[in-house]
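Visitor: I'd like to learn how to read ring pairs and nonpolar cores. Could you walk me through them?

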Amino acid sequence: MQNLGSAREGARQWWMQRMTAVALIPLTLWLAASLLRHVADDYATLIAWLRTPLAAVLMVLLLMALCYHMALGLKVIIEDYVHLDRLQIAALTLIDLLSVALAVVGIFASLRVALSA
Amino acid sequence: MPAATSPRPALDWLKHLLEETVTLIRSSEQQPRVTLLRRFPVPRNFALPGNARIQHGRTWRAPPGAKRVKRFEIYRYDPDSGENPRIDTFEVDVGSCGPMVLDVLIKIKSEIDSTLTFRRSCREGICGSCAMNIDGSNWLACTRTIAGTAEPSTIYPLNHLPIIKDLVPDLTHLYAQYALIEPWLKTRGPVPERERLQSPAEADRLNGKDGKGPAACILCFCCTAGCPSHWWNGQRFLGPAALLQAWRWLADTRDEAAGERLDALEDPFRLYRCHTILNCTRTCPKGLNPGQAIGAIKQKIAQRRS
């Protein structure tokens with residue numbers, strides 16, 4: 001029952017899951033509204049929109065919050081439902097690596113569009 | 001209902017709307033507005049190991065001359081027989097029976113099948129012995145009326161526990177989890193000459209103004225047995241019953257060990273495996289709110305970190 005004792009953590013993940021959730025409400029609404037506004041526009045107009053400072057900053061924030069929130073949520077699902085030790089560790093590792101990779105790729109792409117001459 | 005005299009009618013209206021749409025369960029007395037499915041849509045024996053699969057058992061017909069016959073489908077398991085668990089159907093004359101589900105069980109045991117095994121003691125909802133799964137939700141057999149059950153009514157032992165016999169689950173692990181939160185007063189200072197006094201307000205934190213505070217828990221484990229997080233991670237997650245009691249000692253103004261209690265709880269599994277599903281609050285036969293108590297523990301931990 002005592003197992004390995006208390007990990008003395010978990011509060012940070014719990015807090016960050018809620019923080020990112022709160023941040024994602026306006027950010028997702030903003031993205032949805034922006035994409036709807038540009039739905040009929042051509043590629044050049046969309047790029048021009050993403051090059052505005054506000055859109056670029058919000059896009060980077062959105063990607064950071066989204067990937068962090070996704071990693072935390074997916075890990076909870078794996079911990080809850082996958083009880084084969086090796087599979088669980090493999091899945092948790094994969095989630096960590098892929099979500100960081102996804103965030104870096106997304107942020108790099110946004111910055112490249114926003115900052116290239 | 002939003003009062004016309006309220007100084008902030010708009011806020012009241014918004015609160016009312018929120019409560020109507022996103023009903024936050026605060027007590028088992030709240031009846032669900034809509035119930036989509038009576039049970040989760042998977043076959044009854046889905047993914048169960050061979051020896052746990054439930055078979056059809058026998059049917060005990062009502063005696064001739066019975067006035068009001070009601071059917072009860074009851075889970076039976078006898079480890080000595082080496083057979084799988086089965087569902088027996090009992091036709092009971094509820095016209096000659098007390099008003100509660102426990103009365104039916106006692107009538108079956110004394111008049112129909114004396115091998116039916118279940119725990120019971122006080123028959124008035126204070127000992128917590130007769131907790132079982134009645135019509136798909138955990139409740140005390142002695143406080144659930146026959147009139148309030150379905151036709152046929154299904155009676156199973158508490159969910160996801162090893163079964164000793166029939167309706168008797170093995171609670172050893174749940175008692176061990178209760179022991180882990182160290183449910184006793186811990187103090188540092190010198191022992192006082194007389195009782196450690198509390199103000200009425202301080203006592204209310206334990207008993208609740210309405211008598212539904214954490215100290216009113218009878219440890220029937222209806223909540224823990226009904227918690228999906230505890231089903232999937234019961235070896236590590238403490239479950240609502242133990243956590244409600246952990247809060248009972250954290251909320252006690254006489255206790256001086258809050259820090260070490262929080263240390264022992266702060267763990268991704270012991271405490272944070274609660275995903276506020278709130279089955280605990282929905283099923284508590286005493287109308288308590290373990291979900292809120294767990295939230296209060298999380299708040300305390302957040303408080304000492306910032």
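**Rings and cores**

Guide: Let's start with B:W232, which is partly exposed at 34% relative accessibility; that class lies between buried (under 20% relative accessible area) and exposed (over 50%), using a 1.4 Å probe and protein chains only. Before going on: this is a predicted model, where local features need pLDDT of at least 70, side-chain atom pairs count only at pLDDT 80 or more, and totals for chains, interfaces and linings use all residues. Residues are numbered from 1 along each chain as its sequence is written, chains are lettered from A and ligands numbered from 1 in the order written, and side-chain values use heavy atoms, leaving out hydrogens and water.

Visitor: How many aromatic pairs does the structure hold over all chains?

Guide: Rings of Phe, Tyr and Trp (its six-membered ring) pair if their centres lie within 6.5 Å; planes under 30 degrees apart are stacked, over 60 edge-to-face, and the rest tilted. Over all chains, there are eight such pairs. Take B:Y175 and B:F221: their ring centres are 5.6 Å apart and the planes sit at 75°, so this pair is edge-to-face.

Visitor: Which parts does that pair tie together?

Guide: Helices (H or I, at least four residues) and strands (E, at least two) are DSSP runs, numbered from the N terminus. B:Y175 is in helix α3 (residues 172-180) of chain B, while B:F221 is in the loop between α4 (200-207) and α5 (222-225) of chain B, so the pair ties parts 46 residues apart in sequence. B:Y175 is partly exposed at 43% relative accessibility, whereas B:F221, at 2%, is buried. B:W231 and B:W232 also pair edge-to-face, 5.7 Å centre to centre with 75° between the planes.

Visitor: What sits over the ring of B:W139?

Guide: A charge sits over a ring if NZ of Lys or CZ of Arg is within 6 Å of the ring centre and within 35 degrees of the ring normal. Here the charged end of B:R144 does that, 5.0 Å from the centre of the B:W139 ring. B:K70 likewise has its charged end over the ring of B:F72, 5.4 Å from the centre.

Visitor: How many residues does the largest nonpolar core have?

Guide: A nonpolar core is a set of buried Ala, Val, Leu, Ile, Met, Phe, Trp, Tyr and Cys residues joined through side-chain atoms within 4.5 Å. The largest one has 40 residues, and B:F72 and B:M132 are among those with the most contacts inside it. α2(B) gives this core its largest share, five residues.
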